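Student: I am new to this structure. Please walk me through how to read its features.

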Amino acid sequence: MDPLLRLMSSVYLPQVSNSSSWGPDAVRREFLAYTHRFMASLTEAVNEAKGQTVLYMPAGELGDRTPAEAARGKHLTQRLETTLMYWTRQVTNVLNKQDCGDGGQQAGPLLEIEFWRSRSLDLSSIRAQLEDKQVSMCGCQRRACDIACNSCNQCAAVAGTAASTRVACTWHFHNSGVFIRFLTLVKRNCSCLACRCLTW
């Protein structure tokens, strides 16, 4: 799937996004919405196979516009709102995964240590992505939209959920760091025990 993601990102999506030879504008907007949904799913699937969480940002959506200017665009606002909801679901799934999921014979302290190390790296990556300028711009645009539409219930709910997910991500990141520090203390002993079990 990696080659498909590269092809879509570098060839197909730029041509579709930048083309002005479309028919009605409504058709172009609808097609782009479905394309971005597909790209979000594809990005998630490709990176999930690598054990990473990557937040898909619709390319070139904001351009040189300020958040207040972008908030006036109803269709852009809807697309970015959909993006925020998708990110919230992605991050929530990562936060809800609390164990390595392998309850079989291979489960043990070393597998648990590896799970928490991997989780910490993933949460660190998510935090860095959420602090990225372009992603922050999306959040700023969302807040500007809230003000522009007098904080309608749906907009406020999306923004509130995204904000609470960001706080939860930070808490879980620090929590996983504590687990790693604790588990690192026993890692050497667990490795020795695992080697002795193999030689018996």
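Student: What should I know about the model itself?

Tutor: This is a predicted model, where local features need pLDDT of at least 70 and side-chain atom pairs count only at pLDDT 80 or more, while totals for chains, interfaces and linings use all residues. Residues are numbered from 1 along each chain as its sequence is written, and side-chain values use heavy atoms, with hydrogens and water left out.

Student: How many helices and strands does the protein chain have?

Tutor: Helices (H or I, at least four residues) and strands (E, at least two) are DSSP runs, numbered from the N terminus. The protein chain has seven helices and zero strands. Read from the N terminus, its elements run α-α-α-α-α-α-α.

Student: How is a pair of packed helices described?

Tutor: By the angle between their axes and the distance between the axes. Axes are lines fitted to C-alpha atoms, for helices over the stretch in contact, and angles run from 0 to 180 degrees between N-to-C directions. Take H1 (residues 2-18) and H2 (residues 25-48): their angle is about 160°, and their axes are 11 Å apart. That makes H1 roughly antiparallel to H2. The cut-offs: under 35 degrees is roughly parallel, over 145 roughly antiparallel, 65 to 115 roughly perpendicular, and the rest oblique.

Student: Which residues make the contact of H1 with H2?

Tutor: Contact means heavy atoms within 4.5 Å. On H1, the residues include Leu4, Leu5, Met8 and Tyr12; on H2, they include Phe31, Leu32, Phe38 and Met39. By class, this contact has 12 nonpolar, five polar and two charged residues. Ala, Val, Leu, Ile, Met, Phe, Trp, Tyr, Cys and Pro count as nonpolar, Asp, Glu, Lys and Arg as charged, and the others, Gly among them, as polar.

Student: Is H2 roughly parallel or roughly antiparallel to H4?

Tutor: Look at the angle. H2 and H4 pack at about 20°, with their axes 11 Å apart. That makes H2 roughly parallel to H4. H2 passes H4 in a right-handed crossing. Arg29, Leu32, His36, Ala40, Ser41 and Glu44 of H2 meet His75, Arg79, Tyr86, Arg89 and Gln90 of H4. The class count here is three nonpolar, four polar and four charged residues.

Student: At what angle do H4 and H5 pack?

Tutor: At about 155°, with the axes of H4 (residues 74-96) and H5 (residues 109-131) 11 Å apart. That makes H4 roughly antiparallel to H5. H4 passes H5 in a left-handed crossing. Val91, Val94 and Leu95 of H4 touch Arg119, Asp122, Leu123 and Ile126 of H5. Five of these residues are nonpolar, none are polar and two are charged.

Student: Is Glu44 buried or exposed?

Tutor: Buried means under 20% relative accessible area, exposed over 50%, partly exposed in between (1.4 Å probe, protein chains only). Glu44 lies in helix H2. At 17% relative accessibility, Glu44 counts as buried. Leaving out residues up to four places away in sequence, Glu44 touches Tyr86, Arg89 and Gln90.

Student: What does Phe38 touch?

Tutor: Phe38 is also found in helix H2. With residues up to four places away in sequence not counted, Phe38 touches Leu4 and Met8. Phe38 has 39% relative accessibility, so it counts as partly exposed.

Student: Where does Cys190 lie?

Tutor: In helix H7 (residues 153-199). At 14% relative accessibility, Cys190 counts as buried. Cys190 touches Pro109 and Leu110, again not counting residues up to four places away in sequence. Its C-alpha atom is 8.8 Å from that of Gly108, 82 residues away along the chain.

Student: What about Asn175?

Tutor: Asn175 is found in helix H7 too. Its relative accessible area is 23%, so Asn175 is partly exposed.

Student: What share of the residues in the protein chain is buried?

Tutor: Buried residues make up 34% of the 200 residues.

Terms used. Left-handed = near helix turned anticlockwise from the far one by under 90°.
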